[in-house]
Amino acid sequence: METTIIHEYEQYPHDREFSGNSIINLKVKELEKERDPVRIIAVIDISGSMKRGKLDLVKETLRFLLTQLEEKDQFGIVTYNVETTIFKCQKLNDLVKQQCLLFINSIQASGKTDIGKGLQIGLVQMMKARTEYSYLPDSIESILLFTDGKSNVGIPESIIPNILAKQKQPHKTMDQWNEHLQKSKFKKLAKSSSLRSSKIREIRSPPSNMNYFNEETKKYIEDMFEKHGVTCNTFGMGIEHNANLLKKLASRGNGIYYYIGSLDDIGIQFVSCVSNLMNVALKRCKCIIQPLVPDIIEIDDIRYGKAKATTIVGHKGKQIEMNNLVGSSSLDILVTYKAKKVDAINTKSPLFSVQIGGISVEEKKMVNFPKMSYIHRETTTKKQIPNVQVSEQLNRFMVADAIQQAIRESTKGNYDKAGNIINQVKQSVKHSSAAKESEYLLDGIHSNDFGSNFKNNRNKVISQNMALYQQQCVSTAAKPKFRSK
């Protein structure tokens, strides 16, 4: 992976304090060896409202997915309305693929929507697959949840996100994080029987009336998402679904919420999701930023996607979890900081250190990419134009934050305030040094969506703009790679 640090300006003052912005550009190389196996479970809403062409399109996307999966991969399906039907998650030889196609063809829509039950059974199927085949440290695992509506029976929607409840485990330094990964026995898990403890066996064959919120089950689910990198991606179809719920589930599951505004969108969004799963180059990545001179430099924040930066315990740096990085992609991490004045001019004034670590799919081991950053500090600085690439990333997060603020204000009934927020961010982007490069960030964002349009089309506006928010937060440029049918 190639790492480049780009600063907003060429020079900074040495005789006064200032706030600065830099980006860390990562270019992830293309996978040269065979990709890792994937384990995917599709959890599909088959309630009555899915009849109007939606279910047929979901079925077609699943058929396409089967053409891309190989014998080393595992795939399973859970369909849900008020009941659930299961196609067991298993390796895909030719016979199993034919059986899976028959299952997909037989799916019919009817009944109400119980998202909680579908998600729970999907998680149990993932648990069973991971214990039956043993946990393979090389596999990429994900749950794909499809729905077009709100959960109108079963577990209340306000409680459903607790199914994916998780607790972050802070690690002080990159060395401690590496030590944590080694303790979790990445290299040994495939050969050992450590996951076949009595506790895991109890979860492996859950009773039909299993309490999905007991501490044992919650702990196992936490481990799946936190220690073993399972993701949950959600697909909201049409305007009637609860976008906030699907966004929460995707966030807690380290995945992405995809809004399917029209039937044509599902192919594009699904291809994007599956492409990311099938072209992972680095897994469970983390970025740690630490000031080189803590008395002079203070790290304010790190922005990457939707992830939130946390302070490193006992240190003056920050860290952010990046999950999986896709091969043949380019992405930017935004770093904001404050610098105190220094006594003298320095053409190489220490700024911060960068450590990016993850599990290499090709090398099958932890790899680290360290980098040091310096800036030029002068007595007086000439008038400078901000770096376009840094300005674009600042615009990206400014637009994303504005969308979230506008949604909150509209929900409270403050339509004028919400519209002003959108208008102001549009003007800020248009007058920035990266105005031309940032035009795409404003596509689909309209201030009147948060006024009269919001009153009349609340669900649609929230869904569309939550999806836009997530798109603005994503700065990867992965190239989809699929086999021809």
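The exercises below, each with a worked solution, concern a predicted model.

**Exercise 1. State how many helices and strands the chain has, and what share of its residues count as buried.**

Solution. Begin with the secondary structure, where the chain has 12 helices and 16 strands. Then turn to burial, for which 54% of the 485 residues of the chain count as buried. Finally, consider the contacts in the chain with a separation of 6 or more, of which 78% are accounted for by residues 24 or more positions apart.

**Exercise 2. Classify the aromatic pair of Phe-146 and Phe-235, and work out which parts of the chain the pair ties together.**

Solution. A search of the whole structure finds 9 aromatic pairs, and the pair of Phe-146 and Phe-235 has its centres 4.6 Å apart, with 10° between the planes. Planes under 30 degrees apart count as stacked, so the pair of Phe-146 and Phe-235 is stacked. Next, locate the two residues: Phe-146 belongs to strand 7 (residues 140-147) and Phe-235 to strand 8 (residues 231-237), and the pair therefore ties together parts that are 89 residues apart in sequence.

**Exercise 3. Describe how helix 1 and helix 2 are arranged, and which residues make their contact.**

Solution. First take the axes of helix 1 (residues 54-68) and helix 2 (residues 94-106), which come within 10 Å and cross at roughly 175°. Angles over 145 degrees count as roughly antiparallel, and this makes helix 1 roughly antiparallel to helix 2. Helix 1 contributes Lys-59, Leu-62, Arg-63 and Leu-66 to the contact, while helix 2 contributes Lys-97, Cys-100, Leu-101, Ile-104 and Asn-105.

**Exercise 4. Name the residues that form one aromatic cluster with Tyr-9, and find the ring over which the charged end of Lys-348 sits.**

Solution. Tyr-9 forms one aromatic cluster with Tyr-12, Phe-18, Tyr-337 and Phe-352. The charged end of Lys-348 sits over the ring of Tyr-374, 4.8 Å from its centre.

Technical notes:
Residues are numbered from 1 along each chain as its sequence is written. This is a predicted model: local features need pLDDT of at least 70, side-chain atom pairs count only at pLDDT 80 or more; totals for chains, interfaces and linings use all residues. Side-chain values use heavy atoms; hydrogens and water are left out. Rings of Phe, Tyr and Trp (its six-membered ring) pair if their centres lie within 6.5 Å; planes under 30 degrees apart count as stacked, over 60 as edge-to-face and the rest as tilted. Helices (H or I, at least four residues) and strands (E, at least two) are DSSP runs, numbered from the N terminus. A charge sits over a ring if NZ of Lys or CZ of Arg is within 6 Å of the ring centre and within 35 degrees of the ring normal. Axes are lines fitted to C-alpha atoms, for helices over the stretch in contact, and angles run from 0 to 180 degrees between N-to-C directions. Angles under 35 degrees count as roughly parallel, over 145 as roughly antiparallel, 65 to 115 as roughly perpendicular and the rest as oblique. Contact means heavy atoms within 4.5 Å. Buried means under 20% relative accessible area, exposed over 50%, partly exposed in between (1.4 Å probe, protein chains only).
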